[in-house]
Amino acid sequence: MADGIKDKVAIIGMGCTKFGELWDKSAEDLIVDAFKECLEDAGIDKKDLQAAWFGVHFEEQSVGKGATSLALTLKLPFIPVTRTENFCATGTEAFRGACYAVASGAYDIVLALGVEKLKDTGYGGLPGGPSLMGTRNALIMPKLTAPGAFAMMATRYFAVYGLNPEEGKRMLAKVSVKSHYNGARNPKAHLRREVTEEQVINAPIIAWPLGLFDCCGVSDGAAAAIVTRADMARKFRPDPVYVKALQIALSSGEELMYTKWDGAHVETAYRAGVLAYKEAGIKNPRQEISMAEVHDCFSITEAVTMEDLQFSPRGKVKEDIEAGRFNLDGEQPIQPDGGLKCFGHPIGASGLRMLYEMYKQLQGKAQLPERQIKDPKLGLTHNMGGFPAMNVVSVAIVGL
Amino acid sequence: MVGIKSYGAYIPRYRMNHNTIFGAVGFLGTFPTPGEKAVANHDEDTITMAVAAAIDCINGLKREAIDCLYLATTSQPYLLRQNSAIVAAALDLEPNIRTADFIASNKAGTTALLSAFDAVNSGTSSNVLVCASDSRLSKPGGSQEYLYGDGAGALWVADDQVIATFEGFYSVSYDFPDRWKIGTEKFEHAWEDRFIRDEGYTKMIPEAISGLLKKYDLKIKDFAKIAFPGIYAREHAAIIKRLGAEPGQIQDTLIDKVGDTGAASPVIMLVAALEDAKPGDKILVASFGNGSDALFVQVTENIKNLGERRGVKKYLASKKELTSYEKYLAFRNLTTMDIGLRGEVGIRTPMSALYRERKTILALCGSRCKKCGTPQYPPQRVCVNPDCGAVDEMEDYRFSDRRGVVFTYTGDNLAASIDPPSIYGLVDFDGGGRYWFDFTDCDLDSIKVGMPVEMTFRRRYADEPTGVYGYSWKATPIRA
């Protein structure tokens, strides 16, 4: 019987670039920037690294295929480097690979680095058309974009729980207002301006019912982690952060092709959450998870994820949102760094960026006192790739 | 007896008033006639309209019986790649059928129909589906722009249970150079209108009709309806008068409601005549294009048994006015629109994959699990039902003729589109199965979760650099 990954691996260093429309930075620049901070934070030398996992999604936009770009850019000395790609959950996949490598006993010190350079396409939104279905894409896939795919979940959520568009949009507006508040206080965030509910509600529609402020930033950036065996971690620093759970779930096709899914939740998120809580020994996630960075690519995704991760009862997230539960000063802060919404979403980096925030918060090192969550015990990251009807979700739980 | 077993029609949803054209390009000095024309949506063309008319025609009948399909048109999307074969593929017809395109003349519709009668008469085919469809491009501001409309008709020719028997024909063929086009020219050329009218229209149609009357020793009064294209309203009336027909015998030419639908026009008129016909009626149809085919049918008692069709009548009544001439130009690719850099990302159609998955893509065939009965699209080898999971226990299952309901939807302004927002959503099919589809012929405000939809065959994209039109199915609110 497998006994999971709990307390076998620790993070001893992390780095994260500023996210944004970084016209003057290449993917290689971002790799170097994130790596420098990470290595310095771990207090080790490059030659101490025994292996690396590298995450990038739209490789054609930036570094090309394979993992050589990481090795070449950082001049890694002929160590094994593996590239991971799993849609927007790519960053967490790189981290997972690194953690499993350490947990298996194959290596002691491993790097995970994720990067994405999105702003070389010449247009807004993610590059190109949908690429979920390979050659079938051009042939039988509707003209889906990410906002459209998630807008369909909002439409569905409103219908299932009887919200009229005004009520639904107001609920979602509060999600975005909170994230903008947090992002405005984070020097590394992409979007650093507070917004009001009215601004969010009245913004131009991107994909009905989602407006501009319901959508996350499309950003360039990179983030990195160095992990080691838990029993070695304190040799490197007094406050390593331990991995409590690492789970991932992928759609089986039931959501898109079978008719039982209600369209108002993400099944994989629920499943990955259940497995992660089991692995970490968590009985009551609403009480025990101190804070979380979830994959708020769109406001509706965050709202639904609160229910999928059992932070809020099904259909009741509106009450928790209205009560301010997820605000920076609330009972269970969500997206303390601004989230995908405002910190930004360079695909391959996002999962590691979420961990970066949890890591810093757990260590009490959020850059500004007003950002620091008081005495957090467990942080959760939720990283989702694909569309609600067809996707991958990973859940990581970390703690001191 | 050889004859027509069933009929169907299709008229696109959009109609544009002639005054809309005049208001936009009237400065060019053409004079509008009163009326409106049917305008194909941006995702429609000759092939898609032919499929729609065919679906109306085969409604309630066993399509497996069809062993021959003809497509008549002057606006075939493909010059090389048989257009009728695409129609047959969309209809999920068996491969062991004969397909042929009848092109390059406005009489192609009647010629295809006559050829179908011949094929059944001779015994080489038993059930021929004749589709006639046209969506012709015309230069902005020209007189043809007021005249031409888009539409399609379909007739099932067989020798059993016919609703109208084929009684006879008389054809004349002239190399009459009224309109012409070579190679890959976008627009057709036309000689002076008065020449076409006086030397062609008013001579060739009467010649064919008179020839038919003489050949079969009939009088014009013998016909319940007389149908021929109405591209010159005054001369149309004059011909009728000269033939000695009464106003009650005149079949509406639809010229001020749909426009001149080219090769489809006489077929659509015949369909409309059949819709109102009673047993015993003789219907005379004549085409006009490089001569004329005149033919007539006699309606049988079986017409009472033919199930209801949308036909010309229902499609005519189901319409939405296209008030923007500029949008019409965009739909027909007659102006270069900026749909953003995102829209310039190329599609390379994998032709071998398209062929391998032709039933999935063109016929909307999925699979149904023989163990648990779950329909699924696209076809799966491993059953999607989590309680089943059977492997390789599938049978073909066609979704194109099934209705469904909107499970969810959105109107997407980010997706590149000539007519934003792109509306799409997930459809739950009656009887099981769910998939996501583009929606068409609808407005965002009118879509609701749970509303019924049907499937319609459409052009998904035009990949001009590689010369490919991509087709598949979209969802649309129940049209009529």
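A residue is called buried when its relative accessible area is under 20%, exposed when that area is over 50%, and partly exposed in between. Keep those cut-offs handy, and keep in mind that this is a predicted model.

**A pair on either side of the line**

Start in chain A, where K188(A) and E37(A) join their side chains in a salt bridge, at 2.8 Å from N to O. The two partners sit 151 residues apart, so to speak bridging distant parts of the chain: K188(A) is in the loop between α6 (165-184) and α7 (197-202), while E37(A) belongs to helix α1 (residues 27-42). Is K188(A) buried or exposed? Its relative accessible area is 17%, and because the limit for buried is under 20%, K188(A) counts as buried. E37(A) has 23%, so this one is partly exposed.

Over all chains, the structure holds 67 salt bridges. Here are three of them, with their N to O distances:

| Salt bridge | N to O distance |
|---|---|
| K188(A) and E37(A) | 2.8 Å |
| D239(A) and R237(A) | 2.7 Å |
| R458(B) and D43(B) | 3.0 Å |

In the D239(A) and R237(A) pair, both residues are buried.

Which residues of chain B are linked in a network of salt bridges? They are R63(B), D92(B), K359(B), D396(B), R398(B) and D401(B).

**Stepping back to chain B**

Chain B is built with twelve helices and 22 strands. Its C-alpha trace spans about 75 × 55 × 40 Å along the principal axes. For 480 residues, a compact globule would have a radius of gyration near 23 Å, and chain B agrees with that because its own value is 23 Å.

Of those 480 residues, 60% count as buried. Look at contacts between residues at least 6 apart in sequence: 72% of them join residues at least 24 apart. As for charge, chain B has 56 positive and 61 negative charges, and their mean positions are 2 Å apart.

Terms used: Residues are numbered from 1 along each chain as its sequence is written. Chains are lettered from A and ligands numbered from 1 in the order in which they are written. This is a predicted model: local features need pLDDT of at least 70, side-chain atom pairs count only at pLDDT 80 or more; totals for chains, interfaces and linings use all residues. Side-chain values use heavy atoms; hydrogens and water are left out. A salt bridge is a side-chain nitrogen of Lys or Arg within 4 Å of a carboxyl oxygen of Asp or Glu. Helices (H or I, at least four residues) and strands (E, at least two) are DSSP runs, numbered from the N terminus. Buried means under 20% relative accessible area, exposed over 50%, partly exposed in between (1.4 Å probe, protein chains only). The radius of gyration is taken over C-alpha atoms; the globule rule is 2.2 Å times the number of residues to the power 0.38. Contact means heavy atoms within 4.5 Å. Lys and Arg count as positive and Asp and Glu as negative; His and the chain ends are not counted. The place of a charge is taken as NZ of Lys, CZ of Arg, CG of Asp or CD of Glu.
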